[in-house]
Amino acid sequence: MIEIEIEKIFPDSILPERKTSGSVGYDLFSYCPNGIEIEKGKVSFIPTGIKIAIPNGYDGEIRPRSGLSTKERLIIPNSPGTIDSDYRGEILVAILNLSETNFLVSHKMRIAQLIIRKSYVIDWIEVSSLSSSTERGEKGFGSTGLKN
């Protein structure tokens, strides 16, 4: 377990919540007292009313909620959205409305999931050719799928 500082921008902002003991994601809630309408085919940035201080060596991922994406056709266009460890501003969630109608995000609605992950600083080693080969090799997109 890691400890992460969190700041409520407003006294009634809702802290991220896990719904079950096995949940990886913490639900993020909107903070928009007047609601925010997302026009069909458009992206809106939904405020959460919170700031977090992710420690060095970790990052945050914002992922869509399955119910909103499958039932309402609301997705996170840059999914997963990334929160770097040096970002200290309000968490905003970009939501793209793929439905045929406008969608109203209500105040304190569950809008996304936050996952905190270990991240690594990489020391790239440039070589003239890779030292290991694999059975797959350079076969790309769809190459591991079933053959008819």
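Close-up 1. Leaving aside neighbours within four places in sequence, Ser-30 is in contact with Ile-46, Pro-47, Thr-48, Val-105, Ser-106, His-107, Lys-108, Met-109 and Ile-111, where contact means heavy atoms within 4.5 Å. Ser-30 is buried, with a relative accessible area of 2%; buried stands for under 20% relative accessible area, exposed for over 50%, and partly exposed for values in between, with a 1.4 Å probe and protein chains only. The model is a predicted one, in which local features need pLDDT of at least 70 and side-chain atom pairs count only at pLDDT 80 or more, while totals for chains, interfaces and linings use all residues. Residues are numbered from 1 along each chain as its sequence is written, and side-chain values use heavy atoms, with hydrogens and water left out.

**Close-up 2. The open sheet β2-β10-β5-β7.** Four strands in this order form an open sheet with antiparallel pairing; strands (E, at least two residues) are DSSP runs, numbered from the N terminus, and two strands pair if DSSP finds at least two bridges between them. Because β2 (26-29) and β7 (81-83) stand at the edges with a single partner strand each, one side of each is left without a neighbour in the sheet. From one strand to the next the twist averages 35°, based on axes that are lines fitted to C-alpha atoms, with angles between N-to-C directions running from 0 to 180 degrees.

**Close-up 3. Strand pairings within the sheet β2-β10-β5-β7.** β2 pairs with β10 in the antiparallel sense over 4 bridges, and the bridge partner of Phe-29 in β10 is Arg-110. Strand β5 (residues 58-64) also pairs with β10 in the antiparallel sense, over 7 bridges, and here Tyr-58 stands opposite Lys-118 in β10. β5 and β7 run antiparallel and are joined by 3 bridges, with Glu-61 standing opposite Thr-82 in β7.

**Close-up 4. The open sheet β1-β4-β8-β6.** In this open sheet, 4 strands are arranged in the order given, and the pairing is antiparallel. Its edge strands are β1 (5-8) and β6 (74-75), each of which pairs on one side only. The antiparallel pairing of β1 with β4 extends over 4 bridges, and within these two strands Lys-8 stands opposite Ile-50 in β4.

**Close-up 5. The largest nonpolar core and the contacts of Val-93.** The largest nonpolar core has 21 residues, and those with the most contacts inside it are Leu-28, Ile-62, Val-93, Val-105 and Ile-111; such a core is a set of buried Ala, Val, Leu, Ile, Met, Phe, Trp, Tyr and Cys residues joined through side-chain atoms within 4.5 Å. The elements that give two or more residues to this core are β4 (43-53), β8 (90-97), β9 (103-105) and β10 (110-118). Apart from its neighbours within four places in sequence, Val-93 is in contact with Leu-28, Ser-44, Phe-45, Ile-46, Thr-48, Ile-62, Ile-76, Ile-111 and Ala-112.

**Close-up 6. Ala-112 in strand β10.** Ala-112 is buried, with a relative accessible area of 0%. Pro-80, which is 32 residues from Ala-112 in sequence, is 10 Å from Ala-112 in space, C-alpha to C-alpha.

**Close-up 7. Tyr-26 and the largest pocket.** Tyr-26 lies in strand β2 and is partly exposed, with a relative accessible area of 33%. Not counting residues up to four places away in sequence, Tyr-26 touches Pro-16, Glu-17, Arg-18, Ala-112, Gln-113 and Leu-114. Although Tyr-26 and Leu-114 are 88 residues apart along the chain, their C-alpha atoms are separated by 5.0 Å. About 490 Å³ of space lies in the largest pocket, and of the 13 residues that line this pocket, the closest to its centre are Ile-2, Ile-4, Tyr-26, Leu-114 and Ile-116. On a 1 Å grid over the protein atoms alone, a pocket is an open set of points where a 1.4 Å probe fits, with protein on both sides within 12 Å along at least five of seven lines, and lining residues have an atom within 4 Å of a point. Grid points are joined across faces, edges and corners, and the volume is the space filled by probe spheres set on the points. The largest share of the lining, 4 residues, comes from β10.

**Close-up 8. Ser-131 in the segment after β10.** Ser-131 is exposed, with a relative accessible area of 81%. Ser-131 and Phe-29 are 102 residues apart in sequence, and the distance between them in space is 47 Å, C-alpha to C-alpha.
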